[in-house]
Amino acid sequence: MRNSSVRFSGLRVRLALRLAAMLAAALAAIVLGLPGALTGGGQPVAYACGLGASPTMLANHVAAMLYPGSTSSSATAPIIGEFAPTYVAKQPITFDEDLSQLVGAPPKSSLHLHWDFGDGSTADTLAPKHTYAAPGTYPVVSFLLDSGSLNFFDSAQITVVAAPFSDPPVAVIHASATAVAAGSKVTFDATGSHAVAGTSLKYSWNFADSDTATGPQVTHTFGGAKLGSSFVTLIVTDSRGARGIATSPIVVVQQLPTAQISASATSVYAGQQISFDASGSAAPSVPPNDQLTGYTWDFGDGSQPVKTTTPTATHTYTRVGHYTVTVQAYDQQGAYGTASVALSIVAVNNTPPAGPPWPLFGGIFALVALVGGYLIYQAQQRRAALARQAMLRQQNARARRVPPGQSQGRRPPPGHSASGPRNPYNPYPTEARPRPPMSRDSGASGRNVPPSAPRRPPRGDY
């Protein structure tokens with residue numbers, strides 16, 4: 001929808017507008033005429049689509065890369081960005097501007113933007129939709145409408161193809177760090193990328209700070225000229241021209257936070273909980289009044305990282321092994337400091353470094369000794385009772401073999417007297433046994449003599 005106060009009715013008018021929007025004039029207009037909230041603290045807002053306080057153009061929610069040296073086909077408007085993906089002709093594309101990098105940016109609804117899509121079409125709205133009728137490479141430029149005049153705001157180059165490629169290559173990017181202090185080096189690795197249908201991958205890197213590189217592995221130094229948050233982009237292209245895209249966030253600051261971590265124990269049994277403390281971490285002194293805002297914990301055992309707003313966390317390891325716990329302490333800039341601690345998780349039947357659980361073993365030994373002593377005591381009592389019973393049986397047997405009143409010169413056995421056994425278990429002592437009847441003899445002796453029945457010799461006299 002065209003603005004009623006600004007009409008674009010021909011090629012001459014559009015060229016004139018583009019010429020008026022050249023980079024030098026645009027920078028002067030921004031510095032002199034744009035609201036202070038859009039100047040980024042005195043810095044021109046339209047100099048980058050990467051690191052720095054600048055707006056970033058979006059196409060279908062994908063951010064443009066800073067790509068220096070690109071120009072539009074008419075060479076009348078500066079092109080400072082490029083969209084990494086390829087878009088398809090006759091399919092609508094939604095364009096927008098991301099102002100999140102601007103410090104104190106005004107509400108986007110308060111802006112009035114004019115868009116030129118590079119194919120002769122324009123629009124006056126914040127987030128227009130546009131469909132390209134034919135494949136090609138087009139410069140997309142956004143202008144800020146201010147009091148009826150156009151001021152250059154942002155631009156990016158977009159590539160449109162006739163049809164999407166099937167089975168595009170897969171791009172994989174690994175960065176040694178995602179937050180660095182100015183002047184630090186970061187290594188980027190794309191060896192995990194691979195082709196699906198085509199072959200001979202080509203690697204192209206964009207570091208969001210006006211520098212680019214090629215190759216599967218690169219190392220880049222982020223200088224101090226540009227600070228802020230952006231992303232590093234990897235584009236892999238196969239032999240057919242199909243693209244695969246991967247990005248890695250990057251934050252460049254003057255100083256990183258410092259992180260510290262401690263553990264309640266560094267060697268424990270599997271299944272025991274461990275507490276971690278990062279309260280010794282601190283925000284950097286530059287910028288002033290910076291503060292830590294959160295912590296990310298990686299426990300090193302394959303579990304998902306845990307994010308907390310407090311400097312403490314707990315974790316339980318279920319498998320034996322050696323692990324490294326890493327904490328990242330984040331500040332208000334999105335930068336972070338890193339610290340780690342090594343742990344050893346041992347099996348339950350192993351002896352931990354703190355010493356064996358002697359109270360448990362001592363209790364088991366005491367219980368075994370008590371039960372064993374009781375069993376031995378019961379066995380001794382049983383043997384003593386059996387011995388007493390055997391002795392009594394022997395005494396009773398001997399008492400039955402000796403007739404009453406005759407010992408035949410033998411000494412009475414223990415527990416006996418001459419008159420009979422002294423056995424409490426024998427109800428008939430010798431003197432109490434009944435004697436045979438006596439007959440009275442009228443002889444001169446006058447003694448009672450037993451009848452003349454034959455006398456049975458004692459058992460011991462055979």
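Colleague: At 53% relative accessibility, does Leu-375 count as buried or exposed?

Modeller: Buried means under 20% relative accessible area, exposed means over 50%, and partly exposed is in between (1.4 Å probe, protein chains only). Leu-375 counts as exposed because its relative accessibility is 53%. It is placed in helix H3, residues 358-401. Helices (H or I, at least four residues) and strands (E, at least two) are DSSP runs numbered from the N terminus. This is a predicted model, in which local features need pLDDT of at least 70 and side-chain atom pairs count only at pLDDT 80 or more, while totals for chains, interfaces and linings use all residues. Residues are numbered from 1 along each chain as its sequence is written, and side-chain values use heavy atoms, leaving out hydrogens and water.

Colleague: Which residues make the nonpolar surface patch with Leu-375?

Modeller: A patch takes residues with over 30% relative accessible area and no salt bridge, joining like charges within 9 Å and nonpolar side chains (Val, Leu, Ile, Met, Phe, Trp, Tyr) within 5 Å. A salt bridge is a side-chain nitrogen of Lys or Arg within 4 Å of a carboxyl oxygen of Asp or Glu. Areas come from the Shrake-Rupley method with a 1.4 Å probe, and for residues only the protein chains shown count as cover. Here Leu-367, Val-371, Tyr-374 and Leu-375 make a patch of about 420 Å².

Colleague: How many salt bridges does the structure hold?

Modeller: Side chains of opposite charge can pair when their charged atoms come close. The structure holds two salt bridges. One joins Lys-108 to Asp-96, with the closest N and O atoms 3.0 Å apart. Lys-108 lies in the loop between S5 and S6 and Asp-96 in strand S5, so this pair ties together parts 12 residues apart in sequence. Arg-240 and Asp-238 also meet in a salt bridge, at 3.0 Å from N to O. Arg-240 is partly exposed at 31%, whereas Asp-238 is buried at 5%.

Colleague: Which residues touch the most other members of the largest nonpolar core?

Modeller: A nonpolar core is a set of buried Ala, Val, Leu, Ile, Met, Phe, Trp, Tyr and Cys residues joined through side-chain atoms within 4.5 Å. The largest has 27 residues, and Phe-188, Trp-205, Phe-222, Val-232 and Leu-234 touch the most other members. Among the elements that give it two or more residues are strands S13 (184-189), S17 (228-237) and S18 (243-253). S18 provides the largest share, five residues. A second, separate core of 23 residues includes Ala-59, Phe-83, Tyr-87 and Trp-115.

Colleague: How many aromatic pairs are there?

Modeller: Rings of Phe, Tyr and Trp (its six-membered ring) pair if their centres lie within 6.5 Å; planes under 30 degrees apart count as stacked, over 60 as edge-to-face and the rest as tilted. The structure holds 12 such pairs. For Phe-95 and Trp-115 the centres are 6.1 Å apart and the planes are at 40 degrees, so the pair is tilted. It links strand S5 (residues 93-98) with strand S6 (residues 113-116), the two residues being 20 apart. Both Phe-95 and Trp-115 are buried. Elsewhere, ring pairs link Phe-188, Trp-205, Phe-207 and Phe-222 into a cluster.

Colleague: What is Ser-142 in contact with, leaving aside its neighbours within four places in sequence?

Modeller: Contact means heavy atoms within 4.5 Å. The contacts of Ser-142 include Met-57, Glu-97, His-114 and Trp-115. Ser-142 is in strand S9, residues 136-146, and is buried, with a relative accessible area of 0%.
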